[in-house]
Amino acid sequence: MSTLSADPAAVAAAAIFQDAHQYGSSSGLAYAGAVTPTQAWQLARSGAAAIVDVRSRYEHEFVGRIPGSVLIEWRIYEGGGESSSGAGVTSRPNPAFLDQLRAAHAPGQPLLLLCRSAVRSHNAAIAATAAGFTRVYNIREGFEGDKDGHGQRGTVAGWRKAGLPWIQG
């Protein structure tokens with residue numbers, strides 16, 4: 001009699017997705033759920049999900065990006081980049097967001113959406129779910145997390161604070 005052992009990566013991914021669903025359900029999210037940055041990296045590294053960066057091209061290029069992630073801007077920023085004050089910078093919704101998402105990913109593929117602090121990715125997850133994507137998850141805390149007491153990001157929470165892989169430039 002042979003025994004089949006479960007793939008440890010698949011078991012770990014299933015546990016993460018279950019946790020994400022429970023978090024989403026208890027938080028009243030209008031999409032599949034939410035994961036921590038560490039959980040997102042585990043899922044992406046194992047091939048169980050794809051990371052979609054919904055930040056601006058400027059943030060992706062100059063603030064940093066996650067290896068293997070795909071950039072699909074949720075909002076398009078104009079005016080030479082983003083500043084902390086927003087002076088001289090305007091933004092508008094990316095009218096092609098859903099089309100670009102469909103071109104890159106199947107509607108049933110697990111997608112992990114990332115932005116700076118999990119606000120834009122939350123809104124993008126709602127829109128993607130409404131458009132028929134069934135396994136959309138927000139990466140809680142985002143890439144840089146919330147601001148600290150000095151108004152700086154990256155010191156309280158987020159992908160970078162967790163010490164997960166990222167590249168810049």
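Predicted model: local features only at pLDDT ≥ 70, side-chain atom pairs only at ≥ 80, totals over all residues.
Residues are numbered from 1 along each chain as its sequence is written. Local features need pLDDT of at least 70, side-chain atom pairs count only at pLDDT 80 or more, totals for chains, interfaces and linings use all residues, and side-chain values use heavy atoms, with hydrogens and water left out.

Strands here are DSSP runs of E with at least two residues; helices are runs of H or I with at least four; both are numbered from the N terminus. Two strands pair if DSSP finds at least two bridges between them. Strand 2 (residues 50-53) is joined to strand 6 by four bridges. These two strands run parallel. D53 stands opposite L114 in strand 6.

Contact means heavy atoms within 4.5 Å.

Helix 1 has 20 residues. From its first C-alpha to its last, helix 1 reaches 28 Å, close to the 28 Å expected at 1.5 Å a residue. The expected span is 1.5 Å times one less than the number of residues. A13, I16, F17, A20 and G24 of helix 1 are buried. Buried means under 20% relative accessible area, exposed over 50%, and partly exposed in between (1.4 Å probe, protein chains only). Seen down the axis, the buried residues of helix 1 fall within an arc of 100°, so they line one face of the helix. The arc is taken from the directions from the helix axis to the C-beta atoms. The face turned away from the buried side carries the exposed residues P8, Q18, S25 and S26. Strand 1, helix 2 and strand 7 are among the elements that cover the buried residues of helix 1. Just after helix 1, G28 takes a positive phi of about 70°.

The largest nonpolar core has 20 residues. Such a core is a set of buried Ala, Val, Leu, Ile, Met, Phe, Trp, Tyr and Cys residues joined through side-chain atoms within 4.5 Å. V35, L43, I51, I66, L112, I139 and W159 touch the most other members. Helix 1 (8-27), helix 2 (37-46), strand 6 (111-114) and strand 7 (136-139) each supply at least two residues. Helix 1 gives the most, with four. Another core, of 16 residues, lies apart from it and includes Y31, W74, L111 and A128.

A128 is also one of the buried residues of helix 5 (residues 120-130), with R120, S121, A124 and A125. They cover an arc of only 135° around the axis, which puts them on the same side of helix 5. They pack against helix 3, strand 4 (75-78), helix 4 (97-104), strand 6 and strand 7.

A118 lies in the loop between strand 6 and helix 5 and is buried, at 14% relative accessible area. E141 lies in the segment after strand 7 and is partly exposed, at 34%.
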